[in-house]
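How is a chain divided into domains, and how do its helices pack against one another? Please look at the sequence and the model below before reading on.

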Amino acid sequence: MTAMLQISDLRTSFLQAKEKLTVIEGVSLTVEPGETVGVVGESGCGKSVTSLSVMQLLGRNVQLEGSIRFQGKELLSLTDKQMEAIRGNQIAMIFQEPMTSLNPLHTIGKQIGEPLRRHLGLNRQQAKERTIQLLKEVGIPRAEEIINDYPHQLSGGMRQRVMIAMAMACTPKLLIADEPTTALDVTIQAQILELMKKVRDEHGTSILLITHDLGVVAEMCHRVIVMYAGQIVEEADVKQLFDEPKHPYTRGLLGSMPSLNTNQERLDAIPGAVPLLQEMPAGCRFAPRCPEAMEICRNKNPELLTISDTQKCRCWLYGEEEAQ
Ligand code: SF4
Ligand code: MG
């Protein structure tokens with residue numbers, strides 16, 4: 001079976017006047033048809049840059065190396081025009097802040113209808129009917145009226161629904177969702193997650209879900225990638241990740257997760273911060289914050305090791321040089 005998305009050894013670098021800053025270093029991940037893969041980590045770990053690399057939305061001064069295959073087709077060798085035809089059509093994206101993808105100057109009807117006309121060749125009336133149907137599917141009441149509204153006239157939760165309707169308009173095969181519920185309150189968040197699941201299950205959409213929220217991961221994902229400082233540090237099935245987290249960073253993230261049954265705020269937040277690009281540690285990038293750091297950790301960055309069929313981890317605790 002051809003993977004829906006296969007990223008191999010991706011390196012994303014920002015080219016500056018005198019230097020090249022590599023933000024994503026050797027990321028490989030696969031999303032199978034119908035699968036939801038979560039990408040977690042604190043902000044600044046490269047989650048969003050990874051997703052924007054797939055969409056090639058990072059602008060001109062960016063170098064993408066490695067391979068990004070969508071249904072077997074190499075995206076990195078496409079022209080801008082070919083990429084544009086895929087974006088919003090076969091691969092769609094939703095963001096944390098709907099206002100970044102909704103145009104404040106266009107009515108809801110126009111924003112959803114326009115890609116339907118462009119990608120699917122619908123006429124004005126067909127596009128309008130399909131738009132109303134899509135808005136109803138995402139639970140927007142009075143869809144016939146809402147199409148004439150502008151984004152600022154809607155609540156945050158409604159705007160997020162509109163964005164999902166827009167993303168799903170052309171029934172994409174792959175949906176990339178970057179913190180889709182982070183800006184919403186808990187009740188709306190739960191509704192939006194339910195909606196994404198419904199859409200996924202009805203259309204068999206694959207989802208790459210970027211989030212810092214492990215609760216969202218538990219709710220939505222089949223598999224999880226944990227990123228730290230531009231690299232993957234752990235990959236596991238969702239149950240494995242929660243039951244037997246291997247990487248000290250993953251354990252730290254789980255430890256700082258507020259318990260679902262209490263109203264506690266963060267428990268043991270991981271001390272320290274994600275290192276800056278210019279100050280990347282020579283060895284394991286997590287070593288300055290790791291409670292289990294050993295001598296070797298400060299000198300040599302471990303490889304991402306295969307621990308079992310379904311789990312990988314980048315840490316000397318599991319490496320061959322462990323006993324030295
Ligand atoms: Fe901690 Fe060492 Fe593992 Fe890095 S390699 S996570 S410092 S134990
Ligand atoms: Mg982000």
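Predicted model: local features only at pLDDT ≥ 70, side-chain atom pairs only at ≥ 80, totals over all residues.

Residues are numbered from 1 along each chain as its sequence is written, and chains are lettered from A and ligands numbered from 1 in the order in which they are written.

The chain is divided into domain 1 (5–90 + 174–282) and domain 2 (98–169), with bounds that come from an automatic or database domain assignment. The C-alpha centres of domain 1 and domain 2 are 26 Å apart. Where the two meet, eleven residues of domain 1 are in contact with eleven residues of domain 2, contact being counted when the C-beta atoms, placed from the backbone, lie within 7 Å. Helix H8 (residues 186–203) gives the most to the side of domain 1 that touches domain 2, namely five residues; helices here are DSSP runs of H or I with at least four residues, and strands are runs of E with at least two, numbered from the N terminus. By class, that side of domain 1 has nine nonpolar, two polar and no charged residues, where Ala, Val, Leu, Ile, Met, Phe, Trp, Tyr, Cys and Pro count as nonpolar, Asp, Glu, Lys and Arg as charged, and the others, Gly among them, as polar.

Helix H8 also packs with helix H7 (residues 156–168), at an angle of about 15° and with the axes 10 Å apart; axes are lines fitted to C-alpha atoms, for helices over the stretch in contact, and angles run from 0 to 180 degrees between N-to-C directions. H7 is therefore roughly parallel to H8, as angles under 35 degrees count as roughly parallel, over 145 as roughly antiparallel, 65 to 115 as roughly perpendicular and the rest as oblique. In this pair, Gly157, Gln160, Arg161, Ile164 and Met168 of H7 meet Ile188, Ile192, Leu195, Met196 and Val199 of H8, a set that divides into seven nonpolar, two polar and one charged.

A second pair is formed by helix H4 (residues 108–120) and helix H5 (residues 124–137), which pack at an angle of about 120° with their axes 9 Å apart, and H4 and H5 are therefore oblique to each other. Gly109, Ile112, Gly113, Leu116 and Arg117 of H4 make the contact with Ala127, Lys128, Arg130, Thr131 and Leu134 of H5. The contact of H4 with H5 has four nonpolar, three polar and three charged residues.
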